[in-house]
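Biologist: I would like to go through this model with you. Could we start with the terms you use and then turn to the details?

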Amino acid sequence: MTSAPFKRAAVIGWPIAHSLSPVIHNHWMRVYGIEGEYEKIAVEPETLAAAIGNMKARGFSGFNITVPHKEAIIPYLDKLAPLARLMGAVNTVKFEEDGTTTGFNTDGIGLLANLEKSLPSWPKDRPALVMGAGGAARAAALGLLNENLPFLVITNRTREKAEAIARDIGRGRMVVVDWAERHDVAKTAGLIVNTTTLGMHGNPPLELDLSISARDTVVYDIVYQPLVTPLLDHAQACGLRTVTGLGMLVYQAAAAFKVWFDIMPEYDDELRDRLEAVFK
Ligand code: ATR
């Protein structure tokens, strides 16, 4: 009997040292009996093309892409899956059997899967509020537009960037409000998602008045360093339900693992313990 070939995958970025993706994927490779390794590879912007060629030559199944290459990689790929095309950004590449490359974006899927698994009863009868207008906001908006919500409100310090998202993907179901108006929207939204970098270690907190939000409101912060951001802390103090960003990292990884290995892996307790230990 011939044994299955050694499988390889990686995450590329610059910097990459702190990526948790190897912990996640190497855990799943072991759990699902895939003999292989998931590496992290530091790739400077000027060496992106060479890095892709190298991974192809080494027989990689595919790779993940993080900052700052998610958009820059697109010209080097042969095909884009529909969500990646809509997002204008790629976080997962598959090397196909015929040697071509396909780009995917699993960030929006990851964001929604985390929410559904963590709090399946999140309110869908009221609008959702997305704060921020970077790539993560686009992913959040795309994911949430697939839900049957009345509409989606987006706000960003730089209003034009929010308007661009609403125009590109909103299908008439996205409303843009000024950054200063976010407190008012938070009073009636069912779901509030922070996709800005506010609240991340080293950044100021995201100020948001949640004191009169309905008790069933869910506050979701995609920042996961720290795991409980000042925004989530405030939400909990107001009696609201919260979702941390760590699960989004895991579920976007799960969708990438499925793309490469055709297995949808579980977020099991061992993986949860391992990841949470990183933040202790
Ligand atoms: P990503 O693509 O990962 O989402 P990004 O493009 O760097 O990241 O986006 C960062 C987000 O945080 C942006 O929405 C940014 O607002 P601007 O578009 O106005 O820059 C938001 N952000 C960062 N610092 C902020 C601050 N001090 N106050 C309000 N928003 C801030």
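Modeller: A residue counts as buried when its relative accessible area is under 20%, as exposed when that area is over 50%, and as partly exposed in between. Please keep in mind that this is a predicted model.

Biologist: Then is Arg126 buried or exposed?

Modeller: Arg126 has a relative accessibility of 18%, so this residue counts as buried.

Biologist: Which side chain does Arg126 meet in a salt bridge?

Modeller: The partner is Asp216, with an N to O distance of 2.9 Å. Asp216 sits in the loop between strand S10 (191-194) and strand S11 (218-221), and Arg126 in the loop between helix H4 (107-118) and strand S7 (128-131), so the pair ties together parts that are 90 residues apart in sequence. Asp216 is partly exposed, at 34% relative accessible area.

Biologist: How many salt bridges are there by this rule?

Modeller: The count comes to 15 salt bridges. One of them joins the side chains of Glu39 and Arg8, at 3.2 Å from N to O. Because Glu39 belongs to strand S2 (residues 36-42) and Arg8 to strand S1 (residues 7-13), this pair ties together parts that are 31 residues apart in sequence.

Biologist: Where do Glu39 and Arg8 stand on accessibility?

Modeller: Glu39 has 16% relative accessibility and therefore counts as buried. Arg8, at 21%, counts as partly exposed.

Biologist: Which residues are linked with Arg8 in a network?

Modeller: Salt bridges link Arg8, Glu37, Glu39 and Arg58 in a network.

Biologist: And what about Asp178 and Arg159?

Modeller: Their side chains meet in a salt bridge of 2.8 Å, N to O. This pair links distant parts of the chain, 19 residues apart, with Asp178 in strand S9 (residues 174-178) and Arg159 in helix H6 (residues 159-169). Asp178 counts as partly exposed at 33% relative accessibility, and Arg159 counts as partly exposed at 28%.

Biologist: Let us change topic to the strands. Which strands does S6 pair with?

Modeller: Strand S6 (residues 101-104) runs parallel to strand S4 (residues 79-80), to which two bridges join it. Four bridges join S6 to strand S5 (residues 92-95), and these two run antiparallel.

Biologist: How many residues lie between S5 and S6?

Modeller: Five residues lie between them in a hairpin, and Gly99 in the turn has a positive phi of about 90 degrees.

Biologist: Now the domains. What does the assignment give?

Modeller: The domain assignment gives domain 1 (7-105 + 247-278) and domain 2 (108-244). Their centres, taken over C-alpha atoms, are separated by 26 Å.

Biologist: How much area do domain 1 and domain 2 bury between them?

Modeller: They bury about 1,200 Å², with 75% of that on carbon and sulfur atoms. In domain 1, the residues that lose the most area to domain 2 are Met87, Met248 and Tyr251, together 50% of what that side buries.

Biologist: How many residues are in contact, and how many salt bridges cross the interface?

Modeller: In domain 1, 12 residues are in contact with 17 residues of domain 2.

Biologist: Which helices supply the side of domain 1 that touches domain 2?

Modeller: Helix H3 (82-87) and helix H9 (246-261) each supply at least two residues. The largest share, six residues, comes from H9.

How values were computed: Residues are numbered from 1 along each chain as its sequence is written. This is a predicted model: local features need pLDDT of at least 70, side-chain atom pairs count only at pLDDT 80 or more; totals for chains, interfaces and linings use all residues. Side-chain values use heavy atoms; hydrogens and water are left out. Two strands pair if DSSP finds at least two bridges between them. A salt bridge is a side-chain nitrogen of Lys or Arg within 4 Å of a carboxyl oxygen of Asp or Glu. Buried means under 20% relative accessible area, exposed over 50%, partly exposed in between (1.4 Å probe, protein chains only). Domain bounds come from an automatic or database domain assignment. Contact means heavy atoms within 4.5 Å. Buried area is the accessible area (1.4 Å probe) that two parts lose on being put together, summed over both.
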